[in-house]
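Hello,

Here is the structure I promised to pass on to you. Please open it alongside this message, and my notes on what turned up follow below.

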Amino acid sequence: MTPEENIALLHRLTEILNAGDIARVPEVVSEDFQRHDAVRVENGVNDVKRFLLDRHEEYADLIWSVSNAVSRGDHVAATVTGQATHRQTGKQVTGDGLILARIEDGKVAEVTSLWDRSNMPGD
């Protein structure tokens, strides 16, 4: 895939996450997907679906956005922002992060992420 196609794939994943459309997750995420994060890890499509359901259950109006994306080879690095309302507290939250995504066979195969969680409830 070209760098532009890799970046477009990351934007497609973001659209699916924002819509909470778990049926479409396998369109863009590989079966053996892995996410590495200081707080949680996902392995496989079902973990991504569970993550997505959990996030939309905990947060209303959840929107992730990707900016400053660059791609080289089979990797995309980007800044990501998540904005939502925490359902339990009603608090507006914003989280900023950096991600490195590895693309394999036209799907996101791996994501390593680092998030600023200082605005999150309980943090």
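**Strand pairing and the sheet**

Glutamine 34 stands opposite glutamate 110 in E6. That pair belongs to the joint between E1 and E6, which run parallel and share four bridges. Before going further, please note that this is a predicted model, in which local features need pLDDT of at least 70 and side-chain atom pairs count only at pLDDT 80 or more, while totals for chains, interfaces and linings use all residues. Residues are numbered from 1 along each chain as its sequence is written, and side-chain values use heavy atoms, with hydrogens and water left out.

A word on the labels: helices (H or I, at least four residues) and strands (E, at least two) are DSSP runs numbered from the N terminus, and two strands pair if DSSP finds at least two bridges between them. As a reminder, strands of a sheet pair through backbone hydrogen bonds, either parallel or antiparallel.

The sheet is open, has six strands in the order E2-E1-E6-E5-E4-E3, and mixes its pairing. Strand E2 (41-43) and E3 are the edge strands; each has a single partner strand, so one side of each lacks a neighbour in the sheet. On average, neighbouring strands of this sheet are turned by 25° against each other, direction ignored. Axes here are lines fitted to C-alpha atoms, for helices over the stretch in contact, and angles run from 0 to 180 degrees between N-to-C directions.

- E3 and E4 are antiparallel, with 10 bridges. Alanine 60 faces threonine 85 in E4, and serine 71 has valine 76 as its bridge partner in E4. Two residues lie between the strands of this hairpin, where glycine 73 takes a positive phi near 60°.
- E4 and E5 are also joined in the antiparallel sense, by 11 bridges. Here valine 76 is opposite alanine 101 in E5. The hairpin has five residues between its strands, and glycine 90 in the turn has a positive phi of about 75°.
- E5 and E6 run antiparallel and are joined by nine bridges, with isoleucine 99 opposite serine 113 in E6. Two residues separate the strands of this hairpin, and aspartate 105 in the turn has a positive phi of about 55°.

**Backbone angles worth a look**

Most residues other than glycine have a negative phi, and most peptide bonds are trans. Aspartate 61, in strand E3, is not a glycine, yet has a positive phi of about 55°. Asparagine 68, found in strand E3, is likewise not a glycine and has a positive phi of about 50°.

Are they buried or exposed? Aspartate 61 is exposed, with a relative accessible area of 65%, and asparagine 68 counts as exposed at 62% relative accessibility. The cut-offs are under 20% relative accessible area for buried, over 50% for exposed and in between for partly exposed (1.4 Å probe, protein chains only).

**The helices**

H3 lies across E1, E2, E3 and E4, and runs at about 130° to E3. Lysine 49 is part of helix H3 and, at 23% relative accessibility, counts as partly exposed. Which residues does lysine 49 contact, leaving aside its neighbours within four places in sequence? They are Ile22, Val25 and Pro26, where contact means heavy atoms within 4.5 Å. The C-alpha atoms of lysine 49 and valine 25 are separated by 7.0 Å, with the two residues 24 apart along the chain.

**The largest pocket**

The largest pocket holds about 720 Å³ of space. Of the 35 residues that line the largest pocket, Arg35, Phe51, Arg55, Trp64 and Trp115 are the closest to its centre. Its lining takes two or more residues from each of several elements, including helix H1 (3-19), helix H3 (45-58) and strand E3 (59-72). E4 gives the most to this lining, with five residues.

For the terms: on a 1 Å grid over the protein atoms alone, a pocket is an open set of points where a 1.4 Å probe fits, with protein on both sides within 12 Å along at least five of seven lines, and lining residues have an atom within 4 Å of a point. Grid points are joined across faces, edges and corners, and a volume is the space filled by probe spheres set on the points.

Best wishes
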